[in-house]
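Me: I'm new to this one. Can you walk me through it?
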Amino acid sequence: MYNQRKSTDECVIATLIGAINTYLTPHKKNISGVGDVLKQISLATMKENFCKNNSALPAPKADILKTAVRNISAHTLNAIRECLILATDELIWRQDEDEYYAPEADLGDGYRASNLHALLIGPSNAKYHHPDFTLGIFLLGPFTLYRDHFHLAPELYVNLTPRIGWRFQGGEWIDYSAGSLIWNDSNVVHATRVYDKPFISIFSWTRNIDSPCKVFKREDWKRLEQELNDSK
Ligand SMILES: [Fe+2]
């Protein structure tokens with residue numbers, strides 16, 4: 001079972017999970033799903049033989065990651081930022097290479113070019129193991145539209161970036177600030193737009209993590225992508 005006591009001496013990843021746990025706990029009552037995330041975190045087990053086994057990030061990705069972490073400026077996120085700085089080099093950072101989407105999915109260039117994630121808890125590539133739950137860090141590069149999509153897995157995001165746009169079920173775009181939480185119930189269609197600063201977030205899938213993500217076509221993608229491009 002995930003053990004926060006280990007955090008003090010040896011494991012920066014455990015310390016980061018602890019900081020996320022602490023941040024989420026007060027939101028248990030007002031955000032649907034947070035309680036389940038906390039429960040699943042408590043059920044994760046440590047992998048004794050975990051070691052980082054992938055090569056260093058290519059320079060553009062490493063730069064996006066560094067900038068994104070540096071931009072976490074909200075006072076309430078201080079603990080998470082400090083733990084993230086310490087844990088960054090211990091995590092396995094990966095790009096989605098048709099792991100979550102079918103190869104022919106109409107995701108556009110933005111997501112494919114700039115997505116990056118690392119798991120803290122998950123069935124593989126994570127220090128802490130859970131067979132059907134993930135907790136991790138997710139990034140997208142600036143001026144990116146992450147097109148409308150949905151998945152069976154219920155999903156929690158904690159936005160760490162100062163300003164990030166979301167829309168749900170094709171509704172109006174809403175800008176969210178750092179520290180805000182997004183809960184996407186199973187199969188709710190959602191999209192994200194990233195402005196001038198890279199998007200960094202905590203994300204969690206609480207069950208059905210093997211079910212694929214699917215794109216939900218909207219007619220305004222090209223216009224939105226053009227607007228982001230024009231604002232560079
Ligand atoms: Fe999602």
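Me: Start with β6 and β11: how do they pair?
Reply: Strand β6 (residues 145-150) and strand β11 (residues 190-194) pair in the antiparallel sense, over three bridges. Strands here are DSSP E runs of at least two residues, helices are H or I runs of at least four, and both are numbered from the N terminus. Strands pair if DSSP finds at least two bridges between them.
Me: What kind of model is this?
Reply: This is a predicted model: local features need pLDDT of at least 70, side-chain atom pairs count only at pLDDT 80 or more, and totals for chains, interfaces and linings use all residues. Residues are numbered from 1 along each chain as its sequence is written.
Me: Which residue is the bridge partner of Tyr 146 in β11?
Reply: Thr 192.
Me: And the order of the open sheet?
Reply: β9-β8-β11-β6-β13, five strands with antiparallel pairing. β9 (174-177) and β13 (214-215) stand at the edges, each with a single partner strand, so one side of each has no neighbour in the sheet.
Me: New topic. Where is Leu 152?
Reply: Leu 152 is in the loop between β6 and β7 (155-159).
Me: Why does Leu 152 count as partly exposed?
Reply: Because Leu 152 has 15 C-beta neighbours inside 10 Å. Buried takes 20 or more other C-beta atoms within 10 Å, exposed 12 or fewer, and partly exposed is in between, with C-beta atoms placed from the backbone.
Me: Which residues are buried in α3?
Reply: Ile 64, Leu 65 and Ala 68.
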